Structure formats: structure tokens, C-alpha cells
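Colleague: I have a model open and a few questions about the local geometry. Can we go through it together?

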Amino acid sequence: MNKKILIAEDEEDMRQILSLHLTSKGYIVSEAKNGIEAIDKAEADVDLILLDIMMPGYDGLEVCKQIRNQVICPIIFISAASDYMNKMKAFSLGGDDFISKPFSLKLLTYKVEALFKMRERLLQNHDESKRKKILIDDLVVDITSREIMYNKKVIPFTKKEFNLLVLLLSSPKQVFTKEHIYERISGIDGQGDASSVVEHIKNIRSKLSFAGFPENYLQTVWGIGYQWNSQ
């Protein structure tokens with residue numbers, strides 16, 4: 001089945017170039033010329049979103065913020081506003097990649113295909129027929145039994161440590177803020193505050209390292225939060 005891509009871009013010439021190129025690659029393309037249209041069309045069954053930052057109505061960052069909890073597909077930001085803070089903000093809101101304008105169509109194709117391949121691997125790891133196991137080299141995270149093993153040896157994790165690790169593994173390379181992590185693993189009735197996430201991260205790294213698994217996969221994005229990056 002052909003993948004569906006939403007292009008949210010206010011510049012008509014750029015939008016048409018991207019649309020023609022992606023259509024020629026076999027993708028089904030829909031277009032949005034502003035942030036309001038992007039939010040409406042993101043609710044459809046799309047497989048990837050190309051999202052410009054500087055758009056009328058709502059900018060791309062606001063669009064991502066509003067749709068991210070309902071839309072699980074990859075989001076690639078495309079923008080001339082490629083300063084460090086914009087990039088970090090894009091990733092912290094749930095963006096999966098960032099391409100700075102101007103860019104080559106060859107690079108765009110590579111980025112799109114890479115994200116689709118990554119997502120297919122992730123979905124395979126979560127397949128029901130595989131008992132909901134996430135496999136990373138010899139690290140096995142069993143969602144059903146809530147057990148983590150490395151080289152066939154169980155690594156003891158607390159409930160929150162387990163939930164935090166699964167959250168990061170569910171979206172490789174996505175940067176999660178401490179506040180987002182705390183909300184997801186503790187819920188609205190959780191006790192404490194987001195600062196406790198730092199201790200959970202420290203414990204996870206220590207346990208993985210003690211078991212012999214490379215702890216550098218769990219990376220700190222300074223000033224923002226954490227991500228799982230195995231590449």
C-alpha cells in the first residue's frame with residue numbers, strides 16, 4: 001500500500017515542487033497551505049507529515065504541539081528558521097527530524113525513506129505475534145511480562161523505570177522533555193515532580209551499564225530532555 005504524506009507549507013512553489021517529487025516516488029500526497037489546514041488534514045490517515053515552521057494561522061511548532069498526542073506518524077520539520085532553539089523546540093514537541101532550507105530533493109527522499117524503515121522495524125518489534133517484545137541487539141524488553149533481559153539475564157527495573165525506558169524506545173530519536181516523561185510515567189496523580197526523572201534516568205543507565213549493555217544509547221539533550229539513539 002502506498003504511503004500517504006501530508007505537506008504543510010505556505011509557499012505555493014515549494015509545496016508544488018515537493019508534491020510533484022514525492023508523487024513521482026510513488027507516495028500519495030495531500031497539501032495544507034497554513035497551520036489550520038494542517039491540523040485538520042493531520043487527523044486523516046497519513047503516514048508522514050512534512051511541516052514548515054513559518055506558516056500563517058498556526059506556525060509549525062504550534063501545529064505539532066496540538067496534533068502530537070493524536071498523531072503517531074513521523075513528523076519532519078522543514079524550515080529556513082534552522083537556528084538551534086527552533087530545532088530543539090521542534091524535537092521537544094515530538095518532531096522526528098529537521099531539514100533546513102534550502103535542501104536537495106535527494107536528501108528529502110533519504111530522510112523520508114529512513115523514517116519509514118525505522119517505523120516498520122518498530123512496528124515489527126511490537127507485533128502481537130511476538131508477544132510485544134522490543135529487541136535491540138541482545139536487549140529484550142517484554143511488554144507483556146514487563147521483564148527486561150540482556151544476554152538472557154534479567155535486569156531488575158522498577159515500574160517507573162520500565163515505563164520510562166519503553167516510552168523512549170517507542171519513538172527512537174525523539175527528544176522527550178523531563179516534564180513530558182514525568183507526566184507519562186506518573187500520571188496526573190503522581191507524587192513528586194519532574195526532577196525525579198533525572199534519578200530514574202541515572203538508575204536506568206547504571207543498571208544497563210552493570211549488565212554490560214552500552215548506556216550511551218540513552219542520551220541527554222542538554223536543556224531539553226532525553227532520547228534513545230542507537231545510531
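**Walking through the model**

Modeller: We can begin with Ser19, which lies in helix 1, residues 12-24 (helices are DSSP runs of H or I with at least four residues, strands runs of E with at least two, numbered from the N terminus). Before going on: this is a predicted model, so local features need pLDDT of at least 70, side-chain atom pairs count only at pLDDT 80 or more, and totals for chains, interfaces and linings use all residues. Residues are numbered from 1 along each chain as its sequence is written, and side-chain values use heavy atoms, with hydrogens and water left out.

Colleague: Is Ser19 buried or exposed?

Modeller: Ser19 counts as buried, because its relative accessibility is 11%. Buried means under 20% relative accessible area, exposed over 50%, and partly exposed in between, with a 1.4 Å probe and protein chains only.

Colleague: And what does Ser19 touch?

Modeller: Leaving out residues up to four places away in sequence, Ser19 touches Ile7, Val29 and Glu31. Contact means heavy atoms within 4.5 Å.

Colleague: How many bridges hold strand 7 and strand 8 in their pairing?

Modeller: Four bridges, between residues 139-142 of strand 7 and residues 147-150 of strand 8.

Colleague: What about the loop between strand 8 and strand 9?

Modeller: Asn151 lies there, and Lys152 is found in that loop too. Asn151 has a positive phi of about 50° although it is not a glycine. Lys152, also not a glycine, has phi near 70°.

Colleague: Is Lys152 buried or exposed?

Modeller: Exposed, because its relative accessibility is 78%. Asn151 is partly exposed at 44%.

Colleague: Aromatics next. How many aromatic pairs does a search of the whole structure find?

Modeller: Six. Rings of Phe, Tyr and Trp (its six-membered ring) pair if their centres lie within 6.5 Å; planes under 30 degrees apart count as stacked, over 60 as edge-to-face and the rest as tilted. Phe213 and Trp228 are stacked, because their centres are 6.1 Å apart and their planes are at 15°. Phe213 lies in the loop between helix 8 (196-211) and strand 11 (218-221) and Trp228 in strand 12 (residues 225-228), so the pair ties together parts that are 15 residues apart in sequence.

Colleague: How is Tyr217 placed against Trp228?

Modeller: Edge-to-face, 5.6 Å centre to centre with 80° between the planes. Tyr217 and Trp228 are both buried. Ring pairs link Tyr150, Phe213, Tyr217 and Trp228 into a cluster.

Colleague: Which peptide bond is cis?

Modeller: The one from Lys101 to Pro102, with omega near -5°. Pro102 lies in the loop between strand 5 (97-100) and helix 5 (105-125).

Technical notes
Two strands pair if DSSP finds at least two bridges between them.
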